[in-house]
Amino acid sequence: MSKYSYMTQDGFDKLKSELEELKTQGRQDAAKAIAEAREKGDLSENAEYDAAKEAQGLLELKISEMEKTLSTARVIKQEDLDASSVVILSTVKIKQVKTKKEFEYTLVSQSEADLRAGKISVDSPIGKGLLGRAVGEIAQVQTPRGTMEFEILNIAINI
């Protein structure tokens, strides 16, 4: 993984907002669940207490990971990008050479990836295979199912 997390301003704002929500309401909810479980008696045999403590630990881990992502975040602006080759935040139209199926993806940071919305991570196998390619080039992508070839049909910068 790269030492920076590149993302759009919207992605940065969304992540920052979600982090703030977890640090305030999420922590309050976790503390409340622990307090309620503690009231139910002997902690050594209290599965609800153990579950609440585990949930709190997972919450703190998620907060820590989000803080790390935000601390290394670099917000990218459209004017900083060049559509002559595939870069992060490029919208790329590709055709699978073997099946002739066409796909369109926007390459984003790991934290912004959403396959249903057509956003794939630059750290994914397809994302890595497309980076740096130009229109007309064939990208060979190593996937869990083997090597796939994609022809780059179009590159656009749409932030």
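**Figure 1. Parallel pairing of β4 and β5.** In this predicted model, β4 and β5 pair in the parallel sense over three bridges; two strands count as paired if DSSP finds at least two bridges between them. Strands (E, at least two residues) and helices (H or I, at least four) are DSSP runs, numbered from the N terminus. The bridge partner of Val108 in β5 is Ser121. Residues are numbered from 1 along each chain as its sequence is written, and side-chain values use heavy atoms, with hydrogens and water left out. As the model is predicted, local features need pLDDT of at least 70 and side-chain atom pairs count only at pLDDT 80 or more, whereas totals for chains, interfaces and linings use all residues.

**Figure 2. The five-stranded open sheet.** The strands follow the order β5-β4-β3-β7-β6, with mixed pairing. At the edges stand β5 (119-121) and β6 (138-143), each of which pairs on one side only. Neighbouring strands of this sheet are turned by 45 degrees against each other on average, direction ignored. Axes here are lines fitted to C-alpha atoms, for helices over the stretch in contact, and angles run from 0 to 180 degrees between N-to-C directions. Strands of a sheet pair through backbone hydrogen bonds, in either the parallel or the antiparallel sense.

Figure 3. Strand β3 (residues 90-96) pairs with strand β4 (residues 102-108) in the antiparallel sense over five bridges. Opposite Lys95 stands Glu102 in β4, and the bridge partner of Ile94 in β4 is Phe103. Five residues lie between the two strands of this hairpin, and Lys100 in the turn has a positive phi of about 65 degrees.

**Figure 4. Strand β7 and its partners β3 and β6.** Strand β7 (residues 146-157) runs antiparallel to β3, to which seven bridges join it. Ser90 stands opposite Ile157 in β7. Six bridges join β7 to β6, and these strands also run antiparallel. In β7, Gly146 is the bridge partner of Thr143. β6 and β7 form a hairpin with two residues between them.

**Figure 5. Packing of α1 against α2.** The axes of the two helices, α1 and α2, come within 9 Å and cross at roughly 165 degrees. The helices are therefore roughly antiparallel to each other, given that angles under 35 degrees count as roughly parallel, over 145 as roughly antiparallel, 65 to 115 as roughly perpendicular and the rest as oblique. Their crossing is left-handed, a term used if the near helix is turned anticlockwise from the far one by less than a right angle. The residues of the contact of α1 with α2 divide into 14 nonpolar, three polar and ten charged. Ala, Val, Leu, Ile, Met, Phe, Trp, Tyr, Cys and Pro count as nonpolar, Asp, Glu, Lys and Arg as charged, and the others, Gly among them, as polar.

**Figure 6. The largest pocket.** About 350 Å³ of space lies in the largest pocket. A pocket is an open set of points on a 1 Å grid over the protein atoms alone where a 1.4 Å probe fits, with protein on both sides within 12 Å along at least five of seven lines; lining residues have an atom within 4 Å of a point. Of the 13 lining residues, Lys14, Leu15, Glu18, Ser111 and Glu112 are the closest to the centre of the pocket. α1 (9-38) and α2 (47-71) each supply at least two residues of the lining. By class, the lining has seven charged, three polar and three nonpolar residues.

Definitions and conventions. Grid points are joined across faces, edges and corners, and a volume is the space filled by probe spheres set on the points.
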